[in-house]
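Open the structure in your viewer and keep the selection tool at hand. Each stop below says what to select and what is there.

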Amino acid sequence: MKIYVPRDAAAKALGADEVAAAIEAEAARRGLPLTLVRNGSRGMVWLEPLVELQTGAGRVAFGPVTAADVPSLFEADWKRHPLALGLTEELPWLMMQTRLTFARCGITDPLCLEEYEAHGGFEGLHRAIAMSRAEILQEVIDSGLRGRGGAGFPTGIKWKTVSEAEASQKYIVCNADEGDSGTFADRMIMEGDPFTLIEGMTIAGLATGATRGYVYMRSEYPDAVEVMVEAVRIARAHGLLGPSVMGSGRAFDMEIRVGAGAYVCGEETSLLNSLEGKRGVVRAKPPLPALEGFLGKPTVVNNVISLASIPVIFQKGAAYYRDFGLGRSRGTIPLQIAGNVKRGGLFEIAFGMSLGQIVDDIAGGTASGRPVKAVQVGGPLGAYFPRALFDTPFCYEEFAGAEGLVGHAGIVVFDDTADMLKQARFAMEFCAIESCGKCTPCRIGAVRGMETVDRIARGDTAAIPLLTDLCATMKSGSLCALGGFTPYPVMSALTHFPDDFAPMKEAAE
């Protein structure tokens with residue numbers, strides 16, 4: 001029998017290792033031959049650990065499974081059991097998705113090169129090797145792919161800038177410093193399908209003339225670090241990295257670097273400083289990293305999902321990828337649904353679904369059963385959307401038009417017990433703690449912001465205009481998005497939930 005138990009960090013946190021050990025022990029006790037595969041996660045976190053059994057009809061899912069459930073599963077011959085969910089591919093959560101970037105995640109053994117190739121892996125790289133640099137760049141531009149790290153800048157334009165720069169050395173840097181609360185797509189792809197990131201970075205190297213790459217990861221992701229290090233070793237051993245990629249005569253190699261976990265190192269220039277062994281502080285721009293980045297050389301800095309989306313674009317063609325989405329938001333986006341929800345996890349879908357559909361239909365509303373009050377999209381610096389804005393399509397321009405951010409597509413749901421004044425204070429406190437201190441609007445503004453929110457909490461509503469002015473200064477004057485985006489959660493909370501900023505009225509009542 002062949003059984004799949006995820007090695008994904010979320011599944012492990014919920015007992016996947018114990019379940020895997022129990023399955024091995026029970027099979028041994030019964031004298032049953034067993035092949036146990038530690039795959040990535042399918043993204044249905046509320047069902048983790050999700051155990052799958054390979055059958056003639058396909059893989060059958062069981063979940064959430066505990067170690068104590070294992071004997072009864074064997075006793076039932078893995079058929080009629082309370083935890084049986086049916087064929088995995090027919091589960092509604094998966095059937096509603098359009099999985100392009102995450103097509104293999106949860107299906108293959110993450111470190112099995114043969115399985116990766118059997119499921120379409122390296123088809124994109126084979127095609128790219130046969131293309132000129134200009135053709136590779138045009139394919140990325142035509143796909144409409146934009147940076148999935150939050151900025152939404154056209155990926156092909158960034159690559160073109162690096163490609164046209166004159167330099168003795170160029171670099172590809174993958175920003176895997178996934179620090180936003182409620183986000184986990186980068187971690188999931190690195191743990192569950194690491195070769196797709198390696199393939200995407202290699203194609204980026206071919207397109208720009210870069211021969212060296214670095215994946216900058218956070219120390220809080222030990223499982224992802226372990227998988228990525230091993231995946232790079234395997235790829236190098238099979239000639240997929242090195243002086244002649246796939247025998248093409250074109251060089252590209254890469255390595256994994258681990259940061260100490262500063263949130264601001266998710267900002268590309270802070271990341272580059274840290275990568276160079278310096279203090280992780282923001283650099284003034286210009287010069288842009290595309291012209292003077294790592295070690296002063298032209299550098300592509302892309303998010304994990306941006307790079308991991310490249311292989312499918314080259315495998316299926318730019319037109320195929322661009323056919324998904326809405327307006328200038330093309331392709332698919334991996335939504336990361338968290339907070340007070342019935343069904344949390346990763347859901348990949350084409351741009352364009354409304355926020356209300358995501359919260360009510362996909363996430364199933366709140367786990368508490370209470371009404372949804374607010375949804376924060378884009379991490380701790382994202383705006384809070386009330387139900388009145390739930391018809392907003394999940395797209396870059398549409399969210400920006402509603403004073404919000406798609407960001408890294410983290411979605412955190414709050415029910416009607418949430419105090420939005422406290423959430424606004426948390427945003428300022430978060431910024432104050434995580435600020436690198438380089439610029440005054442962020443360094444001082446966040447501290448003054450906490451003090452101002454505290455004044456409002458004590459009943460001094462005359463301080464509200466001061467908070468508004470302070471947010472305007474931080475938004476316009478900060479060197480990077482940490483200080484520049486902190487006003488989004490603060491002002492959205494103030495705008496959409498004004499009653500939460502009048503505590504003295506409640507006290508009087």
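Start with two helices. Select residues 155-164, helix 8, and residues 194-208, helix 10. Their axes come within 8 Å and cross at roughly 45°. That angle makes helix 8 oblique to helix 10. Here angles under 35 degrees count as roughly parallel, over 145 as roughly antiparallel, 65 to 115 as roughly perpendicular, and the rest as oblique. An axis is a line fitted to C-alpha atoms, for helices over the stretch in contact, and angles run from 0 to 180 degrees between N-to-C directions. Helices (H or I, at least four residues) and strands (E, at least two) are DSSP runs, numbered from the N terminus.

Before moving on, note that this is a predicted model: local features need pLDDT of at least 70, side-chain atom pairs count only at pLDDT 80 or more, and totals for chains, interfaces and linings use all residues. Residues are numbered from 1 along each chain as its sequence is written, and side-chain values use heavy atoms, with hydrogens and water left out.

Now show the side chains where the helices meet. From helix 8, pick W159, V162 and S163. They meet G200, I203, A204, A207 and T208 in helix 10. Contact means heavy atoms within 4.5 Å. How many residues of this contact are nonpolar, polar and charged? Five are nonpolar, three polar and none charged. Ala, Val, Leu, Ile, Met, Phe, Trp, Tyr, Cys and Pro count as nonpolar; Asp, Glu, Lys and Arg as charged; the others, Gly among them, as polar.

Five strands form an open sheet in the order 2-1-3-4-5, with mixed pairing. Two strands pair if DSSP finds at least two bridges between them. Select 35-37 and 84-87: these are strand 2 and strand 5, at the edges. Each has a single partner strand, so one side of each is left without a neighbour in the sheet. From one strand to the next, the twist averages 25°.

Select 51-55 and 58-62. These are strand 3 and strand 4, which pair in the antiparallel sense over five bridges. Find T55; opposite stands G58 in strand 4.

**Next stop: the largest pocket**

Select G149, A151, G266, E267 and E268. Of the 48 lining residues, these are the closest to the centre of the largest pocket. The space there is about 1200 Å³. Which element gives the largest share of the lining? Strand 9 does, with five residues. By class, the lining has 19 nonpolar, 19 polar and ten charged residues. A pocket is an open set of points, on a 1 Å grid over the protein atoms alone, with protein on both sides within 12 Å along at least five of seven lines; lining residues have an atom within 4 Å of a point. Grid points are joined across faces, edges and corners, and a volume is the space filled by probe spheres set on the points.

**Last stop: backbone details**

Most residues other than glycine have a negative phi, and most peptide bonds are trans. Zoom in on E48 and P49: the bond between them is cis, with omega near -5°. P49 sits in the loop between strand 2 and strand 3.

Methods. On a 1 Å grid over the protein atoms alone, a cavity is a set of points where a 1.4 Å probe fits but cannot get out, and a pocket is an open set with protein on both sides within 12 Å along at least five of seven lines; lining residues have an atom within 4 Å of a point.
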